[in-house]
Amino acid sequence: MNQRESLLKLVIQFCQEKGSRTFTLQELYDKFGDFRSIGVGGNTPHATVRRLLQELRDENIVSFRDSKGAYSLRGIDLLENEVETESIELITNTSNPVKKEYLIESFARNQGWVKLAREKLGFLCLYPKCENTFIKPDGTPYIEVHHIIPLYQGGEDGLWNLSVVCAHHHRMAHFAEDQIRLRMEKILLRETQCRI
Ligand SMILES: [Zn+2]
Ligand SMILES: [Zn+2]
C-alpha cells in the first residue's frame, strides 16, 4: 500500500467514527498527529498530507469544501453501519451511481447525517402537502433521508443539503425525468432552508 492509499484508509476510518463524510485537516492532525503510522515522516508531515489529499482530489476521491481546510469524502462507497446488513449485498451489486446512492439512502439507519436530518427536519415528507407515512412496529413514523445534491455530484452531508422524504417522493427525486427532478431539487432546498 502506498502513502496515498494509507491516508485514504485513515480518512475512511475517521469518517466512519465520526459518522460524516466531511472532515477538516485540523481534525486529521488532531487525530493522527505526525502520521508516522502511514510512513509519513520528516519535518513537514502536514505538507505531505496536504499533497496526498491533493492527489486524492485529482482522482475525484475527495473534494475541497472550503478555504478553511474542510474536505468531503466523495463517491458513495459504503461506510460501516451506514446501512442495514441485509441490504449491503443489494447495494454492492450495483455500479450505477444514481441507483447506488438511492439504495444507500433508503436503507441508511445509524449514520450521523440520518440522525441529523431527522432531528432537525422531523419525520414528515418535505414535499409540499405530502402526508405519506406509516408507523413502524417500533412506534416511529417511516421516513427516508435524502441528499438533495447527490454525493457523487459533489453534494455533502451538511444540513442545507439534507431532506426527509417519503418513499414515493424519494424515488421521484432520483428517478423522475430531468425537469421534474430539478424542480424537486429546488423545492427541497427551499423547504430545508425554511427549517434550519
Ligand atoms: Zn435520495
Ligand atoms: Zn412525500
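C166 and H169 are both buried (under 20% relative accessible area, with exposed meaning over 50% and partly exposed in between, for a 1.4 Å probe and protein chains only). C166 comes in at 2% relative accessibility, and C125 also counts as buried, at 8%. This is a predicted model, where local features need pLDDT of at least 70, side-chain atom pairs count only at pLDDT 80 or more, and totals for chains, interfaces and linings use all residues. Residues are numbered from 1 along each chain as written, chains are lettered from A and ligands numbered from 1 in written order, and side-chain values use heavy atoms, leaving out hydrogens and water.

The zinc ion (ligand 2) is held by C125 (SG), C130 (SG), C166 (SG) and H169 (ND1), 2.0 to 2.3 Å away. Donors here are N, O and S atoms within 2.8 Å of the metal (3.2 Å for Na, K and Ca); water is not among the atoms, so sites may look incomplete. Along the chain, these donor residues run C-x4-C-x35-C-x2-H. Angles of 100 to 119 degrees among the 4 donor atoms make the arrangement tetrahedral (four donors, all angles between 85 and 135 degrees).

The zinc ion (ligand 1) has E105 (OE), H146 (ND1), H170 (NE2) and H174 (NE2) as its protein donors, at 1.7 to 2.0 Å. That site is tetrahedral too, with angles of 97 to 133 degrees among its 4 donor atoms, and the donor spacing reads E-x40-H-x23-H-x3-H. H146 sits in strand β4 (residues 144-147) and H174 in helix α7 (residues 167-175), so the pair ties together parts 28 residues apart in sequence. Both elements are DSSP runs numbered from the N terminus (helices H or I, at least four residues; strands E, at least two). H146 and H174 are buried.

Key: Four donors count as tetrahedral if all angles lie between 85 and 135 degrees; four count as square planar and six as octahedral if opposite donors are over 155 degrees apart and all others between 65 and 115; anything else is irregular.
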